[in-house]
Amino acid sequence: DDSDNNLVVEDYPFSVHFIDVGQGDCILIKSDDGNMLIDAGENGYENEILTYLSDLGVEDITYFVATQPHSDHIGGAAEIISNLTVQNVIMPRLSASNTPTTKTYENMLNSIKQSEAKVIAAKPGQTYSFGEVSFIVLSPYEQDNDLNNMSVSVRLSYKGYSFMFTGDAEKQVEKQMLASGYDLSADVYKLAHHGSTTSNTYDFFEAVSPDYAVISCSYDNEYGHPHDEIIQMLDDFGTQYYKTYESGTIIFIVDDNGISVKTKK
């Protein structure tokens, strides 16, 4: 499928790619100063992700964020860590009782061990940067048997523009982020948990107050994502939104003209 390539011919100094991986998450932040990957799709998407990265000339990842250990977020992680040079992996530190015994999670841990990557346990308030790109970790706060609430949330900034990624963090974590006092505002917000009502509370959305929202999920999925109430909220706020199952891969470009959006379909 060469249609991906018409999106990536120009080399922008900064772009954020919401890669269409069906019912899962995978986001590439590509910049002149380094690359960052947030999540790695569901099992079975690793070759598509690797091809997409290869088409863009991405061979090394400065920061790979595995937001949480469900397979729709780390399905391709082992392959990506094995095939690319990953410098840092940011992930939640899980208690023994919360640590998954899935093959997917074990494969990721094994590939990290075999790589040179440094593992960072995510904690609110940590800040990292590469070149003009910087980001702050906003969650998780505490051990939770619901792994969605162990999601690593990140607010990323570049030249005055910002992007919010909260994995599958649910309402109670949104409350904690609201109480934290950190700046939550963002131009672009990837809706939490694929647009589910378990997340994306009105108060949190109002604090983020994005111009654009992205929903990463598959067409006609069994969960009914995105939920109608969430779409209604986006309409009420007048937020421009994109769904990966309608638009395919969605790319936000920041340049001297501000933010622009390109979609595959």
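Beyond its neighbours within four places in sequence, lysine 243 is in contact with Ile215, Pro226, Ile231, Gly248 and Ile250. The model is predicted, and lysine 243 is found in its strand 13, which covers residues 240-243. Aromatic pairs are a further topic of this briefing, and the structure holds 16 of them.

**Lysine 243**
- Lysine 243 has a relative accessible area of 12% and is therefore buried, the cut-off being under 20%.
- Serine 95 lies 148 residues from lysine 243 along the chain, and the C-alpha atoms of the two are separated by 34 Å.

**Phenylalanine 18 and phenylalanine 165**
- Among the 16 aromatic pairs is that of phenylalanine 18 with phenylalanine 165, which is tilted, with 6.1 Å centre to centre and 35° between the planes.
- Because phenylalanine 18 lies in strand 1 (residues 14-18) and phenylalanine 165 in strand 10 (residues 161-165), the pair ties together parts that are 147 residues apart in sequence.
- Phenylalanine 18 and phenylalanine 165 are both buried.

**Tyrosine 189 and phenylalanine 205**
- The ring centres of tyrosine 189 and phenylalanine 205 are 5.9 Å apart and the planes stand at 55°, so this pair is tilted.
- Tyrosine 189 belongs to strand 11 (residues 188-190) and phenylalanine 205 to helix 6 (residues 202-208); the pair links distant parts of the chain, 16 residues apart.
- Tyrosine 189 and phenylalanine 205 are both buried.

**Aromatic cluster**
- One aromatic cluster is formed by Phe14, Phe18, Tyr158, Phe163, Phe165, Tyr212, Tyr242 and Phe252.

Technical notes: Residues are numbered from 1 along each chain as its sequence is written. This is a predicted model: local features need pLDDT of at least 70, side-chain atom pairs count only at pLDDT 80 or more; totals for chains, interfaces and linings use all residues. Side-chain values use heavy atoms; hydrogens and water are left out. Helices (H or I, at least four residues) and strands (E, at least two) are DSSP runs, numbered from the N terminus. Buried means under 20% relative accessible area, exposed over 50%, partly exposed in between (1.4 Å probe, protein chains only). Contact means heavy atoms within 4.5 Å. Rings of Phe, Tyr and Trp (its six-membered ring) pair if their centres lie within 6.5 Å; planes under 30 degrees apart count as stacked, over 60 as edge-to-face and the rest as tilted.
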